[in-house]
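Have a look at the sequence and structure first, then read on.

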Amino acid sequence: MRYTRNQAGTGLDPESARVLLSFTPPYENHFGGHLAFDEQGYLYLSLGDGGSAGDPGNRAQNTSNILGGMIRLDVDGEAPYAIPDDNPFAGESGFLCNSDQQMEDKQAAGGNCPELYAWGLRNPWRWSFDPATGDLWLADVGQSEWEEVNLIERGGNYGWRILEGAHCYNPSSGCQTTGLIDPVAEVPQPDFQSITGGVVYRGEAIPALEGQYLFRDYLTGPLLALSENDDGGWDTDYLLDDTGLNIASFARDQAGEVYLLDYSGGIYQLVADDTAEDANAPARELADTGCVNPDAPREPASGLIPYDLQAPFWSDGADKRRWIALPEGESITLDSDQDWQLPPDSVVVKNFYLNEELIETRLFKHHTDGQWAGYSYAWNSDGTGAELVQGGAVLERQGQEWIYPSGSECLQCHTQAAGRTLGLETAQLNRDFTYPSTDRRANQLDTLTAVGALAGEPDAAPLADPGDETAPVPDRARAYLHTNCAQCHRPEGPTNVDMDLRATTALPAMNLCDVPVQSGEPDERRLVPGNADASALVERMALRDHADQMPPIGSALVDEEGEALLREWINGLLAEACEN
């Protein structure tokens, strides 16, 4: 769209709207997502490959369409726009690719789109110009193995889908790389999972970063910098192991200082670290955290409140014990969704057991600056102590691979949309519980209210227990989805998939039944009533070591009982239930 200012010069004139370019994406993902002007006044726009997975239409290598490319336009020229004279295919400017029909005609004629500046991109989510050099830096989201950073050149082909990063992916006949441009840097998955392109630092507050390109991943934690080495290549340095944020974009002010934009709405400035010690840094040993009995760290510290859930999370077969630590004189409050809001300086503690062996303790802390952070402690083999796991790890425990999450991975599941603490909600704790210290059994809501730990009026029916075979199957299945999936798949959740899997959402409003998947085959559906085998909801739940697995992180084993429950629910589901 193009707008002009109103006559008063106070804003845009809505009547001046003009469509410059439009097309219908073949799928619901990979839109790219950034536009900016260069110093000449030309407009650049990055576009994804059209979606699904693996670029099934091979659009990014087809210069008869603009998908999977960077386009450059002269918006000051003739309507709807002109083509800069030095665009790679500027000689074909009489035949634009600014609509579906135009691109179809271009394809039929065997021509090239004059708008293209570069191509061979998968999903160029964020990019920027270096104000000192004019270089165009672009980060491209990978498929399943590699995330990449590119320096974009006019007429450059960056390889997708022949290559993913600098690695052969899906060539039509042999991996011929002649004429393809490798990235200047690449980061393997799962270290990165959805790269967010950044900016070259040109500020004065952090002189050590001058001229370095800063970037981050939307899902995982590290903040990285690229600096040119003496050999003409680029070195990658980790500036921060874990920001604890879902960074969707970078920004730069007039002084060249850099800002990180969090998906939840926060804006954070990158500043020099002048402190000798981070006040929020976790203790290396669990016994020193204050959350456990230092003389018997397998047990909670005095004053922690035990609790249990009505519908527990799947944790690769582990049993769990849970506690809440509240600051002196503070109480938990309730929001409008009956999610529990813990005051700053609170901690949620959880022990994980495999075959009765304590293997991990996780702490989830609400820091006094308002930020939440997760910390994982791995127990030693003799069960005498646990040490902080920095950056996550995968270790063999009890004959299986056990995933110790990084801090950023904790926040991927403990989403802002779900209130961060997930299980701490009225519907989950509205159940009887036997308190270990007294053997007293009582409703948790009544007990917490009576001791002053819970303020407000808890009012929500309990979730069904997915393992209770006497309960109705639909209630059990919906409780399972609520617990294991709805932290992301809900309004304002971190995904761009418009499903709402909360137990309180009516089935027709969940956007599940017969809805095409966003990434997959064109005829694949999220849920097909009466046919679990044709439902991606179940299929992806049964995947591991795959880009489409659900949950996407934190699990190495399929929940076979949970899968069987969802299959039973879907196979018994009538199409009419999705419509009423």
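Strand β7 is mostly covered, with 5 of its 7 residues buried. Buried here means under 20% relative accessible area, exposed means over 50%, and partly exposed is in between (1.4 Å probe, protein chains only). Helices (H or I, at least four residues) and strands (E, at least two) are DSSP runs, numbered from the N terminus. Keep in mind that this is a predicted model: local features need pLDDT of at least 70, side-chain atom pairs count only at pLDDT 80 or more, and totals for chains, interfaces and linings use all residues. Residues are numbered from 1 along each chain as its sequence is written, and side-chain values use heavy atoms, with hydrogens and water left out.

So who does β7 pair with? Strand β6 (residues 136–140) runs antiparallel to β7 and is joined to it by 5 bridges; two strands count as paired if DSSP finds at least two bridges between them. In that pairing, A139 sits opposite V149 of β7, and the two strands make a hairpin with 5 residues between them. β7 also pairs with strand β10 (residues 185–188), again in the antiparallel sense, over 4 bridges. There, W146 has P188 in β10 as its bridge partner.

Inside, strands β25 (residues 357–366) and β26 (residues 372–379) run antiparallel and are joined by 7 bridges, with L363 opposite Y375 in β26.

Most residues other than glycine have a negative phi, and most peptide bonds are trans. Which peptide bonds are cis? The bond from A79 to P80 is cis, with omega near -10 degrees, and P80 is in the loop between β3 (69–73) and α1 (100–109). A cis peptide bond also joins W160 and R161, with omega about 5 degrees. R161 belongs to the loop between β7 (146–152) and β8 (163–164).

Then there are the positive phi values. Q398 is not a glycine, yet has a phi of about 55 degrees; this residue is in the loop between β28 (393–397) and β29 (400–404). Q398 is partly exposed, at 38% relative accessible area. D439, also not a glycine, has a positive phi of about 60 degrees and lies in the loop between β30 (432–435) and β31 (440–443). With a relative accessible area of 62%, D439 is exposed.

## Buried spots

Is Q428 buried or exposed? This residue lies in helix α3 (residues 426–429) and counts as buried, at 0% relative accessibility. Leaving aside residues up to four places away in sequence, Q428 touches D308, L309, Q310, A311, G423, L463 and T483, where a contact means heavy atoms within 4.5 Å. Q428 and P462 are 34 residues apart in sequence and 6.1 Å apart in space, C-alpha to C-alpha.

S406 is in the loop between β29 and α2 (407–413). At a relative accessible area of 10%, S406 is buried, and with residues up to four places away left out, S406 touches D242, G391 and G392.
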